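Student: Could you help me understand how the labels in a structure are decided? I would like to go through them one at a time.

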Amino acid sequence: MITPTHTHPSEVQISTDCWKAARDADTESKEEWLAAKRAAEQEAALAWSKQFDHAAAGRPGEGPGLG
């Protein structure tokens, strides 16, 4: 039978409540991350839209099945 090992106090994980409090307290970096993510998604959506706008104009080789 294997005896369970005990974790040193410095290696103990923080409690869920402490983790949530720390996460929620850092609203500034969360807002920065969210703004950057939204900007990247908007850029990707714009690139996708431009690709399919060319297809709608009837340009060959642009977009699926329209050429």
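Tutor: Gladly! Keep in mind that this is a predicted model. Let's begin with W48, which has 54% relative accessibility.

Student: Why is W48 called exposed?

Tutor: Exposed means over 50% relative accessible area. W48 comes to 54%, so it counts as exposed.

Student: And what makes F52 partly exposed?

Tutor: Partly exposed lies between the two limits, under 20% for buried and over 50% for exposed. F52 is at 24%, and therefore it counts as partly exposed.

Student: Where in the chain do W48 and F52 lie?

Tutor: Both are in helix 2, which covers residues 27-56. They sit 4 residues apart, about one turn of the helix.

Student: What makes K37 and E41 a salt bridge?

Tutor: In general, side chains of opposite charge can pair when their charged atoms come close. The cut-off is 4 Å between the nitrogen and the carboxyl oxygen. For K37 and E41 the closest N and O atoms are 3.9 Å apart, so the pair meets the cut-off of 4 Å. The structure holds 1 salt bridge.

Student: How far apart are K37 and E41 along helix 2?

Tutor: They are 4 residues apart in helix 2, so about one helical turn separates them.

Student: Are K37 and E41 buried, exposed or partly exposed?

Tutor: K37 is at 40% relative accessibility, so it counts as partly exposed. E41, at 47%, counts as partly exposed too.

Note on methods: Residues are numbered from 1 along each chain as its sequence is written. This is a predicted model: local features need pLDDT of at least 70, side-chain atom pairs count only at pLDDT 80 or more; totals for chains, interfaces and linings use all residues. Side-chain values use heavy atoms; hydrogens and water are left out. Helices (H or I, at least four residues) and strands (E, at least two) are DSSP runs, numbered from the N terminus. Buried means under 20% relative accessible area, exposed over 50%, partly exposed in between (1.4 Å probe, protein chains only). A salt bridge is a side-chain nitrogen of Lys or Arg within 4 Å of a carboxyl oxygen of Asp or Glu.
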